[in-house]
Amino acid sequence: MSLDHLIPPHGGRLVDLVVPPDRADELRRESRDWPSWDLTPRQVCDLELLANGSFSPLTGFLDRADYERVCSEMRLTDGTLWPMPITLDVSREAAEHLEAGARLALRDPEGVMLAVLTVSDIWEPDKEAEAARVFGTTNPEHPGVAYLFEVAGPVYVGGRIEAVQLPVHYDFKELRRTPAELRAEFAQKGWTRVVAFQTRNPMHRAHVELTMRAARDAQANLLIHPVVGMTKPGDVDHYTRVRAYQAVMDRYPRLTASLALLNLAMRMAGPREALWHAIIRKNHGATHFIVGRDHAGPGSDSNGDPFYGPYEAQELFRAHEEELGVAMVDFKLMVYDPEDDRYLPIDEVPEGRKTLSISGTELRERLADGREIPEWFSYPEVVAELRRTHPPRASQGFTVFFTGLSGAGKSTIANALMVKLLQMGGRPVTLLDGDIVRKHLSSELGFSKEHRDLNILRIGFVASEITKNGGVAICAPIAPYDGTRQRVRRMIEPVGGFVLVHVATPLEVCEQRDRKGLYAKARAGIIKEFTGISDPYEEPADAEVTIDTTDTSPDEAANRIILYLERLGYIG
Ligand code: PPS
């Protein structure tokens with residue numbers, strides 16, 4: 001069905017919440033008497049898109065009535081279709097000082113005032129109900145749900161916004177466009193039909209061929225409109241992606257396609273998010289919007305059950321297409337047909353034809369192993385960008401994190417390992433031994449649970465920085481608590497390798513050795529909270545390597561770790 005009759009060129013009415021300079025000065029002066037709220041990174045994204053009209057017709061953070069109806073019916077109280085609650089979540093302490101009619105200065109993390117909110121409502125939302133309605137699940141494995149439950153504050157504040165300035169960006173300035181700027185650009189170029197492509201991933205050949213087909217089918221120009229605000233945790237960073245997008249723009253026929261960046265904080269809400277994306281793109285002047293397989297979905301939960309059906313977003317979009325005033329260009333999964341050397345939607349593949357595809361997981365594995373990425377899958381210039389930030393494991397940094405009782409042999413093995421790695425060469429090696437750290441980094445800390453955790457998290461932070469920058473960190477604290485060790489693992493794994501080594505020498509052996517005489521003192525009650533004697537040690541269940549030094553020499557122990565690192569590919 002053609003929807004052309006419905007589509008006004010360059011979207012509907014745009015709101016612009018940025019006030020003129022004299023009003024901005026006035027607000028800055030008056031703000032001295034108002035309470036402030038330091039916006040979170042996600043709120044900065046939301047504020048920018050509210051202020052520049054990307055979220056038209058919204059004029060502020062949702063008030064309670066709008067919020068309730070958006071959650072339950074995807075509509076504002078005036079009936080307008082709006083699928084996503086855009087709310088300002090704050091702490092209870094911040095909310096205490098607020099009342100309806102009050103002014104709240106909204107500041108960026110450096111303290112610069114970006115906007116003023118005139119409070120209309122303050123309420124504590126039912127987050128379970130919100131998750132169930134908006135995400136269709138209360139499972140915290142869904143990143144949108146996890147954010148709502150674990151990061152978002154407990155109180156929502158609704159109200160109208162007056163923006164005194166847009167957030168400042170220092171990267172890719174020439175590619176960041178407001179809705180008004182993009183509409184003007186399209187008008188100036190004479191583009192009356194524009195199909196927008198949303199993405200949070202690098203674009204490979206499948207995406208380029210899909211978007212070209214979409215533009216051809218819709219007889220439209222193409223807007224490549226990637227999200228550079230917040231995407232799914234673990235995604236390729238936006239710097240790498242944007243360099244890769246810039247590289248593929250040359251693949252499109254000249255003057256037919258444009259690249260612009262959108263500072264959106266995604267929620268990964270699948271079908272509802274698809275509608276939201278389309279409204280945002282309509283505001284930017286698009287007339288058509290591409291919806292592929294599992295649009296803005298977070299994949300599957302730990303049981304392997306997908307959060308959304310693969311074409312659920314397309315179905316919801318189709319049901320609201322007329323009202324949205326944006327035409328959907330829908331695509332099935334694209335697969336490569338080697339016989340004709342082209343990509344096809346899976347439902348158009350001729351019977352019996354063998355097709356090829358590479359999953360995201362396989363691509364990451366190939367990058368990590370330094371294996372070939374075929375030209376039928378991606379372009380050399382895109383692969384080169386990905387390889388720059390995703391070097392093979394043999395050149396990535398890693399952390400070897402020892403844990404075990406005092407006197408178990410952690411420091412001795414750690415030293416042997418350090419020396420062997422230095423002999424091999426290739427990476428700088430830093431030893432963060434328990435005693436050394438307590439002298440230089442944690443000298444004020446004792447041995448309570450709270451202080452031990454602080455100590456371990458500091459070690460984890462330093463190790464993650466070393467790892468991120470391609471070095472080797474060898475850590476050798478007692479680290480008695482499982483949850484804290486897991487937090488360290490989660491800090492490091494996204495930036496490089498993490499190997500937990502449990503030095504599992506039994507307490508009797510450690511006590512018998514008693515090199516520092518500490519066990520005797522602990523037994524005598526002279527040293528309090530001593531691990532293994534008067535303080536707990538939680539054995540790890542997730543150690544990659546376990547070593548009991550009762551009958552293992554330091555050489556043997558260090559060698560076992562080196563062989564393990566070699567098997568993973570970190571040592572070439
Ligand atoms: S922790 O729990 O990871 O923060 O401990 P860590 O930083 O590794 O410090 C352990 C070293 O401090 C000495 N020491 C104690 N250990 C455990 N419990 C108590 N109460 C205590 N008091 C002092 C001890 O020498 C530890 O060094 P290692 O090398 O493990 O023997």
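**From the loops to the ligand**

Pro-57 lies in the loop that runs between helix H2 (41-51) and strand S2 (60-61), where helices (H or I, at least four residues) and strands (E, at least two) are DSSP runs numbered from the N terminus. This is a predicted model, in which local features need pLDDT of at least 70 and side-chain atom pairs count only at pLDDT 80 or more, while totals for chains, interfaces and linings use all residues. Residues are numbered from 1 along each chain as its sequence is written, and side-chain values use heavy atoms, with hydrogens and water left out.

The peptide bond that leads from Ser-56 to Pro-57 is cis, with omega near 15°. In another loop, the one between strand S10 (288-291) and helix H11 (312-324), Asp-294 is found, and its phi is near 50°, a positive value in a residue other than glycine. Most residues other than glycine have a negative phi, and most peptide bonds are trans.

Turning to the ligand, 21 residues surround it (each with a heavy atom within 4 Å), and the closest are Ser-406, Arg-438, Arg-452, Ala-479 and Glu-529. The residues of this shell divide into nine nonpolar (Ala, Val, Leu, Ile, Met, Phe, Trp, Tyr, Cys and Pro), seven charged (Asp, Glu, Lys and Arg) and five polar (the others, Gly among them). Among the polar contacts (pairs of N or O atoms within 3.5 Å), an N or O atom in the side chain of Arg-438 is 2.7 Å from an oxygen atom of the ligand, and a backbone N or O atom of Ala-479 lies 2.8 Å from an oxygen atom of the ligand.

Definitions and conventions
A polar contact is a pair of N or O atoms within 3.5 Å; within protein, one must be able to donate a hydrogen and the other to accept it, and residues adjacent in sequence count only if both atoms are side-chain atoms.
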